[in-house]
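Biologist: I have a model open on my screen and would like to learn how to read it. Could you walk me through it, one feature at a time?

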Amino acid sequence: MMQFLAKAGLAVMLTAGTLAGTVAPAAAQLNIIIGEPDRGPPQDYRRPPPPRGYGRPSRGCNPQLAENLARDYGFRRARVVDITPRRVIVQGWTRRGPDEMSFGNVRGCPALRRR
């Protein structure tokens, strides 16, 4: 009886070793997928954010626009020298010499006065 148990144990060990050698490569090819396969992250259906400054009125007079308007009024070498909450002051040269012009600090830069 002891020899029978020894032979049976040896047979079980050989069978287990053989199966273990074949199961390991097969397990490497096994893919377990839970849910839908090959899906990326969920799509975002929200609108993208608007570009910077979209929908907002420009705040005040753009200094470059004020300089361009002063050049249209005949100023040479026009430059912005002061910006207050109400005015944008531009200085430059005219045919009479140095001169100064004020624009309103609102959208569009309306001309206020010329000295």
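Biologist: Let me start with one side chain: leaving aside neighbours within four places in sequence, which residues is Asp99 in contact with?

Modeller: Contact means heavy atoms within 4.5 Å. By that rule, and leaving aside its neighbours within four places in sequence, Asp99 touches Phe75, Val90, Gln91, Gly92, Thr94, Arg114 and Arg115. Before going on, please note that this is a predicted model, where local features need pLDDT of at least 70 and side-chain atom pairs count only at pLDDT 80 or more, while totals for chains, interfaces and linings use all residues. Residues are numbered from 1 along each chain as its sequence is written, and side-chain values use heavy atoms, with hydrogens and water left out.

Biologist: Is Asp99 buried or exposed?

Modeller: Buried means under 20% relative accessible area, exposed over 50%, and partly exposed in between, with a 1.4 Å probe and protein chains only. Asp99 counts as buried because its relative accessibility is 9%. Across the protein, buried residues make up 17% of the 115 residues.

Biologist: Which strand holds Asp99?

Modeller: Helices (H or I, at least four residues) and strands (E, at least two) are DSSP runs, numbered from the N terminus. Asp99 sits in strand β3. Overall there are two helices and four strands, in the order α-α-β-β-β-β along the sequence.

Biologist: How many bridges join β2 to β3?

Modeller: Two strands pair if DSSP finds at least two bridges between them. Here, eight bridges join β2 to β3 (residues 97–104), and these strands run antiparallel. A hairpin of two residues leads from β2 to β3, and Thr94 has Gly97 as its bridge partner in β3.

Biologist: And what about β1 and β2: in which sense do they pair?

Modeller: Strand β1 (residues 76–83) and strand β2 (residues 87–94) are antiparallel, with five bridges. To trace the pairing on screen, find Arg76 opposite Trp93 in β2, then Ile83 opposite Val88 in β2.

Biologist: Why is the disulfide of Cys61 and Cys109 called right-handed?

Modeller: The torsion about the S-S bond of Cys61 and Cys109 is about 105°, so the disulfide is right-handed.

Biologist: How much accessible surface does the protein have?

Modeller: Accessible areas come from the Shrake-Rupley method with a 1.4 Å probe; for residues, only the protein chains shown count as cover. The protein's accessible surface comes to about 10,200 Å², and 57% of that belongs to carbon and sulfur atoms.

Technical notes: A disulfide is a pair of cysteine sulfur atoms within 2.5 Å.
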